[in-house]
Amino acid sequence: MRGHTGAGLTLGEGAAITLCMKQKMNTRSSTETEIVGVHDALPTILWSVHFLRAQGFDVKHTILKQDNQSAILLEVNGRSSSSKRTKHIEQRFFYITDQVEKGLVKIEHEYTDKMWIDVMTKPKQGMAFRVDRSKVMGCPIDYTEESI
Amino acid sequence: MKINPYDPCVFNKEVNGNQLTVTLHVDDLKISHVDSFEVTKLIRYLEKIYGKVVVHRGKVHDYLGMDLDFSDEGYLQVGMFKYTDNLIDEFPEELGATAKTPASDNLFKVRDEAEAKFLPEEQAVVFHSFTASLLFLSQRARRDIQTAVSFLTTRVKRPDEDDWLKLRRVLRYLKGTRRLKLRLKIDNLDFSLGWLTHHTECIAICEDTQERG
């Protein structure tokens, strides 16, 4: 069972960076998939903070939003939130815990229906697609073009 | 000039209390400063060393195949109209009607090898080249097709007829949204960066081994 990661960075409107990739390894649960996904996205997250700081912008908070509560607990508390379903997860995936401790990244919970980056992980249709597209592209929800 | 340690192609310098930034891509430079006179000074300096250079100034730029438009205060708009039009025009088949989304619900479903009809080599080469062009587009101005394209890129080695239809679907979607731009705005850089991550688990390839959707 391979997961699919979608991640996006926004500075206000529109997504300046988006990631969309198939995961390289099989996972046992959605929680594990999320942790692997954060691990995949983390280099880009940290780079964007460092880059902007080096450009002279004082980035005070980097907020990472996720919709899986147990993944958040594991990422913040590390091993101490582990149970028998998650104790097999490799130690390297807990690199995020160190970054949270250092204060570089803050993790927050967001409801699934507000996760517009969802569009990077599955083909959506109709209204759901248009709403997410409007957030990613910074365009109106009902964006249409007269036939050209 | 000071190099940004996290991206060696970005240079900064403090000039009159404001930052002068030079971004570099092979032999293309993008120079920005609050005071346009400072930009002129740098261009003159470069011309002294390298001779005449082609200069384009203003709020709208054609840079690396992208149209960067800074004219709307506070916004950066990235469009790739010409590139999109070329792709649509060059597709060897008639595209027909436009599509409302870049992919159908079956995007990640792949037929069993025994059932699949693989594309002849010539068509597979076309598939590969269009997928690569779409990848370039989706990494820049058209983030909305990224999911579909990221799937197509996993199929370039041995595409089948379903993949061809999925590729055609992306182009039919583009046909209906040729003039869509990526529009970015910065609220307050001193405050925060927002990252969202989301994950779904894909359906395994064969129908009979499917456990979860």
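Predicted model: local features only at pLDDT ≥ 70, side-chain atom pairs only at ≥ 80, totals over all residues.
**Entry 1: two helices in chain A**

I started with a helix pair: A:Val38, A:His39, A:Leu42 and A:Leu46 in helix 1 of chain A meet A:Tyr95, A:Ile96 and A:Gln99 in helix 3 of chain A. I count two residues as in contact if their C-beta atoms, placed from the backbone, lie within 7 Å. Helices (H or I, at least four residues) and strands (E, at least two) are DSSP runs, numbered from the N terminus.

Residues are numbered from 1 along each chain as its sequence is written, and chains are lettered from A and ligands numbered from 1 in the order in which they are written.

Next, the geometry. Two packed helices are described by the angle between their axes and the distance between the axes. The axes are lines fitted to C-alpha atoms, for helices over the stretch in contact, and angles run from 0 to 180 degrees between N-to-C directions.

**Entry 2: chain A overall**

I find four helices and five strands in chain A, and from the N terminus on they run β-β-β-α-β-α-α-β-α. The C-alpha trace of chain A spans about 55 × 40 × 25 Å along its principal axes. Of its 148 residues, 39% count as buried. My cut-offs: buried if 20 or more other C-beta atoms lie within 10 Å of a residue's own, exposed if 12 or fewer, partly exposed in between, with C-beta atoms placed from the backbone. Taking chain A contacts between residues at least 6 apart in sequence, 59% join residues at least 24 apart.

**Entry 3: A:Lys106**

Buried or exposed, or in between, for A:Lys106? A:Lys106 is partly exposed, because 15 other C-beta atoms lie within 10 Å. A:Lys106 belongs to strand 5 (residues 106-109) of chain A. Leaving out residues up to four places away in sequence, A:Lys106 touches A:His61, A:Thr62, A:Ile63 and A:Leu64. I also checked A:Lys65, which is 41 residues away along the chain; its C-alpha atom is 8.5 Å from that of A:Lys106.

**Entry 4: where A meets B**

The contact takes 66 residues from chain A and 45 residues from chain B. Which element of chain A gives the largest share of its side? That is helix 1 of chain A, with 14 residues. The chain A side divides into 31 nonpolar, 22 polar and 13 charged residues.

I traced an open sheet of five strands with the order 2(A)-8(B)-7(B)-6(B)-5(B) and antiparallel pairing. Two strands pair if DSSP finds at least two bridges between them. Its edge strands, each pairing on one side only, are strand 2 of chain A and strand 5 (60-63) of chain B. Strand 2 of chain A is joined to strand 8 (residues 182-186) of chain B by two bridges, running antiparallel. There A:Glu13 stands opposite B:Lys185, and A:Gly12 stands opposite B:Ile186. Strand 7 (residues 75-79) of chain B pairs with strand 8 of chain B over four bridges, again antiparallel, and B:Leu76 stands opposite B:Leu184.

**Entry 5: the rest of chain B**

I then followed four strands of chain B that form an open, antiparallel sheet in the order 1-2-3-4. Strand 1 (2-4) and strand 4 (28-32) of chain B are the edges, and the twist averages 25 degrees from one strand to the next. Six bridges join strand 2 (residues 7-15) to strand 3 (residues 18-25) in chain B, where B:Asn12 stands opposite B:Thr21.

Last, the domains: chain B is divided into domain 1 (2-57) and domain 2 (81-181), with bounds from an automatic or database domain assignment. Their C-alpha centres lie 38 Å apart.

Definitions and conventions: Nonpolar A, V, L, I, M, F, W, Y, C, P; charged D, E, K, R; others polar.
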